Every structure is written in C-alpha cells, then in structure tokens.
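Hi,

Here is the structure I said I'd pass on. Have a look at it, and then read on for what turned up.

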Amino acid sequence: MLTKALVIAAATILYNIPTVQAYTPNSSINTRNSIKMSDTHNNNNIKGGSIICAGLSCLDLQLVGCTQSGSDEAIERYDEAVHCAGGSASMTGTTLALLLRQSDDDNTDNNEQREKVHILTKVGPDFAGNTLLEFYRRSGASTNLVLTDDTARTSMAVLPIYNNGKRGCFVNLACNDGFTSDELLNQLDIAVDDNKTTSNRPTRAFLFGYPHLMPKMQGDSLRDMLTSARQKLSLEESNIVLVGVDLNGVDGSDSTAAREALMPSLCEIDVLHLNEDEVMVLSQQDKQQANVEKKDTTNDIVSFEMLTQISSFHEHGCAVVLLSLGSKGAFVSVTPDIKRLQRLSTTNNEQQQIAISQWIPGTQVRIPAFQIDGEVNANGAGDALFSGFCLAASSWGSTMEQLVYKESSSMSSSEEGQWKVSPQVAGTFASLVAWQRCNAKTRDGNGMKSATQLMQLIHEGKLPCIL
C-alpha cells in the first residue's frame, strides 16, 4: 500500500507547480464579484442542456499499475501517472458526454446534439481547475455552469490504481468544502434562462453527487437545494425533471451523522445510488423500523438487512434505489408507492412521460456485471453506473426507445410498441456503461459505443459475458 508520506509528497509537488506550466484553455471569463463563470468552447451553439451533473469535483492523479505488498512502510512501484477528471460531477458529466456525442455517421447537424450535458461544480483559478475544464471540453460536456472562485483552490486526489483493478484514494477537498447551495442554485438560474430560449431542450435530469463530502449541502440544506433545483428546472411545471443523488464518502465512524446528512432529502430523490458498505452504515438505526417480510436470504446477494434499509429509503420518499454490488453487478428497487411514481408523470403530454414514471411499483431486479477483456480500471465505476441508469430512467416519452427503433434494422414494426425502458433495461444499460468505463481501452472514449448502440445490444440480446 502507498504510504501516506508518499501520497502527501506527490500532492504537494503538484500543488506547487509554477503557474507558467499550467495549461489555460481558450475561454472568456465573466466576473461576478469574486466568482467567475467558465464559458463553453466556441463550437457550443446550444445552451441550456438537457442533463446537469452537479456536485463534487477534483483533479485525479492516478498512479496506474501500483503494487500492493501489504506493508504500510513498503516502497511500492507504479507504471505511470495519469491525470483525469475526478469526482461525481466530473465522472458523471464526462461519461454522459462521451456516450451522447455525435458519431461520424450521425446525420444530425454539426452544431446540434441529441442531448447536451452540463457540468456544475466549483474550481479555483489554478492548474488543477484549468485542467479539469479542458477535460470537460474534450469529452464534449458544457462548462458554462462551472464556477471559478478566485479565493479557493481546486480539489485534488491521488489514486493508486492497483494491479487487481481496485484503487485507493487520498483527497484534499479544497473548494468543495465551501461550495454552497446558493452558489449552485444561482448557476441553475443561468440554465433556466437558456432553457427558456431553447424550449426544445428542457432539462431531463439533475444529478448531484457526494453530499457526505460537501458540508454546505447536507441534511435540510440538501433537501431544500434539491427542492429548489426541481422547481427551477421544471419550467413552471411544463417539464418533468428526474433528480438523482449519488453517495460517496459516507462516514462509517458516525452512522448518526451519515444518516442526518441524507435522510431529510429522500423525499426529493428519485434515484439514490449507493454501495453495500454505505447501505450498511445507513442501516444501523433502521433495522427494526422498515416493513419488510423476513425470509431466508442465505443464498441471496442482497441481505435481509440491506433489503430492510432499502425499504426504509422508500418509506422516507425515495422512488428508486440503485445498489452497486461491485463484481456481483447491481440491484434495483422501485418504491411500492404508486403515488410517488405518479409525481413524475404530472404532464398531460405523453411524449414528456419519463420512463421511471411508468415502472411497476414494488419491482426489484438483480442486474449482472459484465466481463472485461483486458486491463481493468474501476475508478469511476459507480459514477458510470449511476449516470447510465439515470439517463435511461429519465427517457422522455420513450425517446431512447425511438432512437433504437430508428437505427436498429432488426426491429419490426410490431415490436416498436412492446419494448420499453423497464427497470431491468435501465439497469442493464447502466451495467454496460460501467463495463465500458472500467475497460482501460474504452474508458476515455476511444472505441466506446454510444448510448443508442448500447440500447441496441440490449434489445438484440448481444450482451457481453456475465462476470
């Protein structure tokens, strides 16, 4: 294992790189007191995108191919050091932008995209912040909602990527510590203004990540922020917006504080993503409270205790829980409360009915993970699973299905009304997104299949081997 001294030394060296070495992307900066809004790249003629990825960001320094002897004081080796965009806002935003970018054979106008992805986060005016902005632009994501704070420093993380594909993490949260709900909501006003001038591109999903690592957006503050975000982006109730929250950094040393940071906001969360460790931390006070029929789960992947806590999330108002199971895949649970799902289908326009609103209450499905041929890099796997699931679950009026119909030569006319984005389809799509993101060859976009191509694989049953 990397020693803390080595990691701290590496991070210190990076933070003290002279500013002359920092790459500064070509962009215009608009000053708003001490806060600046980073402009999009010159080719972005479409504002007010359809998916907003908000929350924590950091510049990751990945130490690829780390050895792991098991001794804290051992000198470990690594193959190469690679920078990448890290944190929830970065990982979800760049993943979706790569999935949704135009292919060479796309007939869509060069200045148009079927979906636009915005990243809403906070950075400092430094090497790490400028590098993050350039990563966003290269992926095809919009940066016009990113805040640059002259008084803050961009967060950085050092991640040893071990030979078995797993990783460690050492992070300085920096400006994430001071990122407030008011700052975030002010940036959403910009998106709302853009949406009013481009009504054909209303926001379909607002994804927020890592509240447990963002002290200014927890508990009641998190709930109020999500409520306000939904109201702003709903465009006077003419638009249905899916709200997703991705957990990370849930502190197992204080389960009470961990619960207090999340539980008040569950009534506003349509999709909650977390892993097995996190659900167990959050379950410690709800073991006897949730109404779950006890059964023999000896051979089940999801334990009775985890099912109990998932049921508790639903009772507190969460519509869908997406549970990461690592190499065992994922588990999807839909609330049994039909009225909660109906909150997402208040529009009379059938073409604006998002997929999740049509799901059968109480549905629970297990989703497999897929085998990767080649080098594995699991950094961002959970973010990829979450972003892929929310993309499918927020499908407007079967939009993604219609794209599959249009581009799939094997689809007969009689099948077009039968195949929908169900919880199983959304989960499988998410697993495929994570499968591509964890493959070292495709994680940065090279050879990556588009969102429509992944949906075609699901419809045609041409899936990779199950892990």
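There's an open sheet of 4 strands with mixed pairing, running in the order E5-E4-E9-E10. (Strands, E, of at least two residues and helices, H or I, of at least four are DSSP runs numbered from the N terminus; two strands pair if DSSP finds at least two bridges between them.) E5 (80-86) and E10 (170-172) sit at the edges with a single partner strand each, so one side of each has no neighbour in the sheet. On average, neighbouring strands here are turned by 20° against each other, ignoring direction.

Before going further: this is a predicted model, so local features need pLDDT of at least 70 and side-chain atom pairs count only at pLDDT 80 or more, while totals for chains, interfaces and linings use all residues. Residues are numbered from 1 along each chain as its sequence is written, and side-chain values use heavy atoms, leaving out hydrogens and water.

E4 (residues 58-66) pairs with E5 in the antiparallel sense over 7 bridges, and Leu63 is opposite Ala81 in E5. H2 packs on this sheet, touching E4 and E5 (contact means heavy atoms within 4.5 Å), and its direction makes about 85° with that of E5. Angles run from 0 to 180 degrees between N-to-C directions, and axes are lines fitted to C-alpha atoms, for helices over the stretch in contact.

H2 (residues 88-100) also packs with H12 (residues 423-437), at about 100° and with axes 12 Å apart. The two are therefore roughly perpendicular (65 to 115 degrees). Met91 and Leu98 are among the H2 residues in that contact, and Val433 is one of those from H12.

Cheers

Technical notes. Angles under 35 degrees count as roughly parallel, over 145 as roughly antiparallel, 65 to 115 as roughly perpendicular and the rest as oblique.
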